[in-house]
Amino acid sequence: MISISCLFTRTRGCSKVARSGVLRLYSTAIKGAHDFSTAKTRNIGIIAHIDAGKTTTTERMLYYAGVTKRLGDIDDGDTVMDYLAAERERGITINSAAITFGWQGHRINLIDTPGHVDFTMEVERSVRVLDGAVTILDGVAGVEAQTETVWRQADRYDLPRLAFVNKLDRTGGAYGRTVMELWKKLQARPLVTQLPVYYDDDNADDRNKGRLAAVVDVIEMTKHQWTSADGHTMTTTTLDPADAAYDEAVRARTALVETLAEMDEAIVDVFFEKADGDHMAVPVSALKASIRRVTLDGKAVPVLCGAAFKNVGVQPLLDAIVDYLPSPLDRPAALATVSDARRQLMVPLDENAPLCALAFKVVHDARRGPLVYVKIYAGKLSNRMTLFNTTTRTKERANKLLQMYAKDVEEIPSISAGNIGVIVGLKHTRTGDTLVMGNDKQAIKANLQLGHIDIPSPAFFAAIEPHSVSDEPAVEEALQHLTREDPSLNVWTDEESGQRLLSGMGELHLEIVKDRLINDFKCKTDMGKMRISYRESCQGHADASFDYDKEFLGKRARASATVAISGTLQDMESLGHAIDSEKDQWVTEGSNQFRIDLSGVVGDDDEDSHDGKKDKDKLRRDEIYQAVHTGVMAGMARGAVLGFPLAHVKVDVSRLQFYGEDTTAGAISASVSHAMQQALQQAQPNLLEPMMEVVTLVNEEDIGHVVADMSGTRRGHVLSMESALDEAQKRDNTTTDDQVYAPPDAMNHTHMGDIAGYKAKHRIKAHVPLSSMLGYSSALRSLTGGSGSFSMRVIGYGDMSKDRERAVVNEMKGW
């Protein structure tokens, strides 16, 4: 297995934890730690809404594990995980950072992901390779908009998760309400394993009033208290029946056993045979084993609590990661496709099997070159190994293998199955590519590929203008590095103006790219005005034929195609789900549908040539299909109004005409794309604009102003309005909600001195065109006196009025 001896040379000590007078030592320096087994490996990610406390929690984990010798602070700009200058300047996570450390005899590979909606791509490619995740929830704000987004991303890969309710030391922190939101908004069955305990205002000094005093473990019926300022010393005592929190802890443990009994038969046997029907007598080991089983099966989510900034609750969270989240051996075998996605097979986790790895991230390092992050699904990757990229069909060499510690590295000899590492020296590999051994003829011939990583569509674009002609090569090279790092960035040249255009997920996304071009790559360039990335479609139906006939270097290329195109109306929630219907051969990619009918091929009498006969002058059937597919994709890449990509269209390639040896794959692709463009011109082309789901949090007195602005000036459609307190009050109205245990928030609020001044915010949910949301942050501050906040995400593309379309066309063309 991988040596991580360097990790232990970084260990700065251990933390002392008292339990009934016995000291427990928490440290990464464990005997034999360099030889962790796969079963003792945890590949986990930290996911959450922006400003929920992901990086703060991660920094505490590293400190208590002995990786760092002092606590990193976002406000001071000295965190380990947020190491980019832009991250420290803005105080947010932009780039997902990986680090490896040890805890309680286990190896933890941790990825800290961004919470801002503009960097959703970083979350997407991280959850693709993780085995489990910790979701950080803000105890004051509860389940927020981006929390729902990252939760859905984790749902797509069936990731087992823990929930950590953070910031419970703050005014308005409501543990019970947040637990119920986990159930109501995320449809996750919560398992409350901890309870927060606050200082009593009557007995506490001014410094401790309203502070989180301790955390009760309802599994072991113990109380954890942190007695040192840095949280290193944690005292654990058995919960006394005279303690004020004891009765609620008994109710919580009873509810935990009852909930587990609904989902796990093994705990039922323990309950009757070993505990004699007493909820308090169920052994701790049996409870933890049961929680682990239901967590791995995705039936429930263990919930823990604390306040990471105040150094409360982090060590038990690390214990829970080890106890409840899966090792690579606990996860289902990876699914791969072979023979151009026509068959699927399972890739079991086996170190002795042929190598199979997925590249999920690329980072450009000024000194080392491209660093390719990989997850090994089978086999063992060794230093200097020759690899084959089945996605790009190219050979690569792994010059060095690295273990990442955020921005620091350790060179290692190999990466074994189930682990994450970095390869130096790969020139052509990009995000989502599959790597196999260079001599694995079976995998290469079958074109074995692991599942691709979904790349979201960009919503904004801006022009990139180098200061002079001599600066263009440097800018071009920097853009190549950036687009290889971040697949959600697109670069193209406008045919009419000749401008180099860069598209991204949002204003902040492109602003960060501009900063990196200037500061990191030292490019002399300017970025133009931020503009919306629209889409194009058509409102009618038309078909067209095109005869492509050209001569290149003395060789004639000719083919004819007939294409029909029409607009489609599709539910926005179904966007992005690829569907292949074998019944009518329609294929859906994004919001578009196409069908390629090769039965209509005419002009070639040699039928065997399409069934794989080896004739260098004939095209095989799969080559014809690929050529037509390339032509369809090229046609969809540019619309007829302003040249934006097509969306919500249906394309039917119904007839192909071949001309013997003159017909080439390039001629077929060109004839199809030209026929599409001609048909589109006749089918009433129109513009579509990005539609956003906007969630706004405002005080009750500001609701009227915000809703009027949203539905009037901004052309939005308000979907719902609700209060956080309404959610808590409604939870007793249905039987289903009654079955979900959540501790009463009154238990916490009575200990918070200034809770009387807290007012629950109201949540307004609406669908609004993205163009109307430009500058909304300033407008919302004016409408709410600075108390409002909002978040938004792209949900699809919708029609715009003819007047609005004409205005956009005039603006874009400069008329």
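**Salt bridges and nonpolar cores in a predicted model**

User: What does E693 form with R793, and how far apart are the closest N and O atoms?
Analyst: In this predicted model, E693 and R793 form a salt bridge, with their closest N and O atoms 3.2 Å apart. The pair links distant parts of the chain, 100 residues apart: E693 belongs to strand β40 (residues 685-698) and R793 to strand β43 (residues 789-799).

User: Are those two buried or exposed?
Analyst: Both E693 and R793 are buried.

User: How many salt bridges are there in the whole structure?
Analyst: The search finds 39. Another one joins the side chains of R177 and E181 at 3.7 Å, N to O. These two residues lie four apart in helix α6 (residues 175-184), about one turn of the helix, and both are buried.

User: And R293 with D264, where do they sit?
Analyst: R293 is in helix α9 (residues 284-296), while D264 is in the loop between α7 (246-263) and α8 (265-273). Their side chains meet in a salt bridge of 2.7 Å, N to O.

User: Why does D264 count as buried?
Analyst: Its relative accessibility is 9%, and buried means under 20%. R293 is partly exposed, at 34%.

User: Changing topic, which residues touch the most other members of the largest nonpolar core?
Analyst: F101 and V134 do, in a core of 88 residues. Beyond its neighbours within four places in sequence, V134 is in contact with residues including I44, L162, F164 and L325. A second, separate core has 42 residues, among them I464 and C523.

User: How many disulfides does the search find?
Analyst: The search of the whole structure finds zero. C523 is buried, with a relative accessible area of 5%.

Definitions and conventions
Residues are numbered from 1 along each chain as its sequence is written. This is a predicted model: local features need pLDDT of at least 70, side-chain atom pairs count only at pLDDT 80 or more; totals for chains, interfaces and linings use all residues. Side-chain values use heavy atoms; hydrogens and water are left out. A nonpolar core is a set of buried Ala, Val, Leu, Ile, Met, Phe, Trp, Tyr and Cys residues joined through side-chain atoms within 4.5 Å. Buried means under 20% relative accessible area, exposed over 50%, partly exposed in between (1.4 Å probe, protein chains only). Contact means heavy atoms within 4.5 Å. A disulfide is a pair of cysteine sulfur atoms within 2.5 Å. A salt bridge is a side-chain nitrogen of Lys or Arg within 4 Å of a carboxyl oxygen of Asp or Glu.
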